[in-house]
Amino acid sequence: MATPHGRLLKRNYFFACLILIIGFGGLLGYDLYFKPYVLSQTVVKIKVDSGGFLPKNHELKAENLYLDSVQTKDIPAGVITSLDQVERKITNVNLTDGSILTESLVDVSELEPQQDEGIFPVPKDAIYAINGSLRSRDKVDIYLVEGEPAAKERRGSSPVAAAPASVTTPGGSMASDASSLLEAEVPPEVPARKVFLSGVTVNYVRTEDNNDVLDSENGNNNNRFTSTGKVAAPELKLKKSDGELLGAYLEQGKKLWIVRVE
């Protein structure tokens, strides 16, 4: 018959083995499940052969990218989590092997100009109208508007020519020519405006003191209900040929009606 001391010793051994099993099981569960799936997130990284780097303005291809699991405490803001987000996009900086991709490192919104494009500033005095809710990365349509048409008509009109023709009635009274009066009252037909440039990307929206217009100091985070400043002038990404044509119209005194469409 086992003594009380022997039974106590066996019970201690049992609990020691149980604690050891639970400890090893907890470590395995932490390393194999909790750490990689709960405390981590899948991100996109750069793959470069021979420890080199990808230069700025490089077009990312599938062989340059791979997915990896990284602990959440090591993940930067604006991280890219899908290969589709960055494939065939252009790098903004030089990238080394293993770099975690973020929106600031890759031109996700396609704001960087290509070889045949440029970022064209629009002078404040060339704007006929612009949305106060305009922000960077928006799309706009641009209409051409004649500069000060009313003033030109006043300068070009003659008081004599503008006066309606009159005739003398048999009783000696003066009567205006009805047809001339009717023509004077009917305004000229205004042709329908057509879009000059459509779907233009807005790279930057500047205030008069050259600061970016944002929803708040924390960024564009409240759906344009507020702003950090008054919109003064945008900078637009255009093909160089379109930019040159736009400049020619501005030299002729045209003004731009800039309408946010996206």
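**Notes on the charged side chains**

1. A search of the whole structure turns up 11 salt bridges. Here a salt bridge is a side-chain nitrogen of Lys or Arg within 4 Å of a carboxyl oxygen of Asp or Glu. Please keep in mind that this is a predicted model, in which local features need pLDDT of at least 70, side-chain atom pairs count only at pLDDT 80 or more, and totals for chains, interfaces and linings use all residues. Residues are numbered from 1 along each chain as its sequence is written, and side-chain values use heavy atoms, with hydrogens and water left out.

2. Let's begin with Glu 117 and Lys 237, a salt bridge whose closest N and O atoms are 4.0 Å apart. Glu 117 sits in strand E5 (residues 117-121) and Lys 237 in strand E11 (residues 233-239), so the pair ties together parts that are 120 residues apart in sequence. Helices (H or I, at least four residues) and strands (E, at least two) are DSSP runs, numbered from the N terminus. Both Glu 117 and Lys 237 are buried. Buried means under 20% relative accessible area, exposed over 50%, and partly exposed in between (1.4 Å probe, protein chains only).

3. Next, have a look at Asp 138 and Arg 224, joined by a salt bridge of 2.7 Å, N to O. Asp 138 belongs to the loop between strand E6 (127-130) and E7, and Arg 224 to the loop between strand E10 (195-206) and E11, so this pair links parts that are 86 residues apart in sequence. Asp 138 is buried, at 4% relative accessible area, while Arg 224 is partly exposed at 25%.

4. Lys 254 and Glu 146 form a salt bridge too, at 2.5 Å from N to O. Lys 254 is in the loop between helix H6 (240-251) and strand E12 (255-260), and Glu 146 in the loop between E7 and helix H3 (149-156), so parts that are 108 residues apart in sequence are tied together. Lys 254 is buried, with a relative accessible area of 18%; Glu 146, at 42%, is partly exposed.

5. Now to Asp 141, in strand E7 (residues 139-145). Asp 141 is buried yet has no salt bridge, and the nearest side chain of opposite charge, Lys 139, is 9.8 Å away. (Lys and Arg count as positive and Asp and Glu as negative; His and the chain ends are not counted.) What lies 3.0 Å from a polar atom of the side chain of Asp 141? The backbone nitrogen of Gly 199 does.

Notes:
Lys and Arg count as positive and Asp and Glu as negative; His and the chain ends are not counted. A polar contact is a pair of N or O atoms within 3.5 Å; within protein, one must be able to donate a hydrogen and the other to accept it, and residues adjacent in sequence count only if both atoms are side-chain atoms.
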